[in-house]
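Q: I have a new model open and would like to learn how to read it. Can we go feature by feature?

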Amino acid sequence: MAYDTNMRFKFSILAIGLQILLIVLFGIFVRYDTQGHSASLNETHVDDEFIKLYPLFQDVHVMIFVGFGFLMTFLKRYGFSSVGINLLIAAFGLQWGTLMQGLWHLHGGKIEIGIKSMINADFSTATVLISFGAVLGKTSPVQMLIMAIFEIAVFACNEHIVGSILEATDVGASMIIHAFGAYFGLAASAVLYRSGLKKGHEHEGSVYHSDLFAMIGTLFLWMFWPSFNSAIANPGIEQQMAIINTYFSLAACVLTAYAFSSLVEHKGKFDMVHIQNATLAGGVAVGTCADMNIGPFGAMIIGFLAGIISTLGFKFLTPIFASKLRVQDTCGVHNLHGLPGIMGGIAGIVATALQAKPGFSPTIQGAALATTFAIAIVGGVITGFILKLPFWGQPPDQNCYDDTIYWEVPLEEEETVNNLIKHNIAVSE
């Protein structure tokens with residue numbers, strides 16, 4: 001099927017229309033949250049939650065815009081799209097997420113904006129960026145905006161079910177962000193399966209400098225993950241435990257990922273794909289029970305196991321998904337977010353059964369995990385069919401994983417030299 005990839009009017013009209021709609025909806029429904037602030041603008045309040053949580057918000061913000069963006073720059077000819085479309089999705093998503101999440105928590109018919117709603121808006125955006133990794137290189141910017149519209153709406157519904165109806169705990173969002181985003185994206189990728197890419201694509205791999213850029217994303221994510229898992233935790237000991245548990249889970253995960261990368265690779269060498277991704281799995285897996293009294297050693301066990309599962313997933317499961325299950329997972333989100341997210345949900349079930357966080361039921365935790373998985377799969381499949389409509393435009397197989405179809409790309413140095421030579425020959429003749 002032929003697709004029109006000319007975005008001049010299609011993308012511009014969609015983007016402008018969406019932004020105007022957001023402005024109108026914000027004008028109708030959104031206002032500042034002024035509770036807990038000083039009555040006078042000239043006074044300060046030592047207990048101002050906004051200022052206290054702003055550093056954590058900034059850490060999460062860096063993860064969304066820098067961490068996720070650069071993590072996906074490993075493709076040798078898709079760096080502009082990896083960082084650029086990441087920015088596009090995130091900027092739209094945080095606005096749309098504010099509305100979709102806020103509609104479940106109205107105050108006098110209004111959505112009140114405070115620091116926690118801003119953090120949660122970034123969280124909603126993270127789900128789409130995780131799903132973006134599953135379809136990276138095979139979708140258009142128009143399709144990604146459409147995916148963001150539907151996925152964030154479904155995410156907000158699932159979050160409300162898990163948090164408000166089931167009343168499960170998932171402070172670091174192993175289930176509601178990581179598992180949800182991964183399986184939503186994988187389900188969409190399965191629907192968008194391309195038989196023409198079954199044997200791979202010449203631009204699908206990486207080069208030395210693109211892998212180096214991707215490590216920038218890894219390092220930013222790794223450093224700021226404790227903030228991600230603790231940002232919405234209850235102040236005090238629970239927030240402190242969330243930071244400490246994530247800190248040690250990540251550390252243990254790194255050693256395990258390096259060890260198993262060497263173990264499964266030829267001649268004991270490290271695979272940069274494993275190091276870029278599996279080293280982060282500990283942050284995902286410890287999320288659900290980050291604020292629970294599992295002890296630093298418990299967090300380290302979770303990180304240890306997450307590093308093993310993620311590395312083995314990249315080595316053995318990704319090829320099976322592509323060849324047998326018709327799921328082309330470009331970034332391996334199943335191994336970084338999906339499996340560790342499921343593991344995090346299971347860890348939460350075990351931890352609540354051991355009374356690591358009194359007041360929460362392992363049965364409810366299990367129901368939350370199952371619900372999240374089911375909603376993600378169904379939502380991803382439906383969204384995949386919507387994205388498959390030819391109206392949105394989609395890159396043909398030969399142009400996948402290549403920036404030039406959607407970006408003005410500077411000529412490579414070699415091409416520039418060749419053009420100069422041709423020009424000089426033409427002039428001399």
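Predicted model: local features only at pLDDT ≥ 70, side-chain atom pairs only at ≥ 80, totals over all residues.

Q: What does the side chain of E112 meet in a salt bridge?

A: The general idea is a side-chain nitrogen of Lys or Arg within 4 Å of a carboxyl oxygen of Asp or Glu. Here the partner of E112 is R31, at 2.9 Å from N to O. R31 sits in strand β1 (residues 30-32) and E112 in strand β2 (residues 111-113), 81 residues apart. Strands (E, at least two residues) and helices (H or I, at least four) are DSSP runs, numbered from the N terminus. R31 is partly exposed, with 37% relative accessible area.

Q: How many salt bridges does a search of the whole structure find?

A: The search turns up 6. One of them pairs R77 with D402 at 3.7 Å, N to O. R77 is in the loop between α2 and α3 (79-102), and D402 in the loop between α13 (362-387) and α14 (413-428), 325 residues apart. R77 is partly exposed at 26%, while D402 is buried at 8%.

Q: What joins the side chains of D291 and K357?

A: A polar contact of 2.6 Å. The term means a pair of N or O atoms within 3.5 Å; within protein, one must be able to donate a hydrogen and the other to accept it, and residues adjacent in sequence count only if both atoms are side-chain atoms. D291 is in the loop between α10 (281-285) and α11, and is buried at 3%.

Q: How do I read a helix, say α4: is it mostly covered or exposed?

A: Compare its reach with the expected span, 1.5 Å times one less than its number of residues. With 21 residues, α4 reaches 31 Å from first to last C-alpha, close to the 30 Å expected. α4 is mostly covered, with 18 of its 21 residues buried. Just after α4, G137 takes a positive phi of about 90 degrees.

Q: And how much space lies in the second largest pocket?

A: Rolling a probe the size of a water molecule over the atoms shows where empty space is left. On a 1 Å grid over the protein atoms alone, using a 1.4 Å probe, a pocket is an open set of points with protein on both sides within 12 Å along at least five of seven lines; lining residues have an atom within 4 Å of a point. This pocket holds about 680 Å³. Of its 35 lining residues, the closest to the centre are E204, T318, D329, T330 and G332. The largest share of the lining, 5 residues, comes from α11.

Conventions
Residues numbered from 1 in each chain as written. Heavy atoms only, no water. Points joined across faces, edges and corners; volume = space filled by probe spheres on them. Buried < 20%, exposed > 50% of the residue type's maximum accessible area, 1.4 Å probe, protein only.
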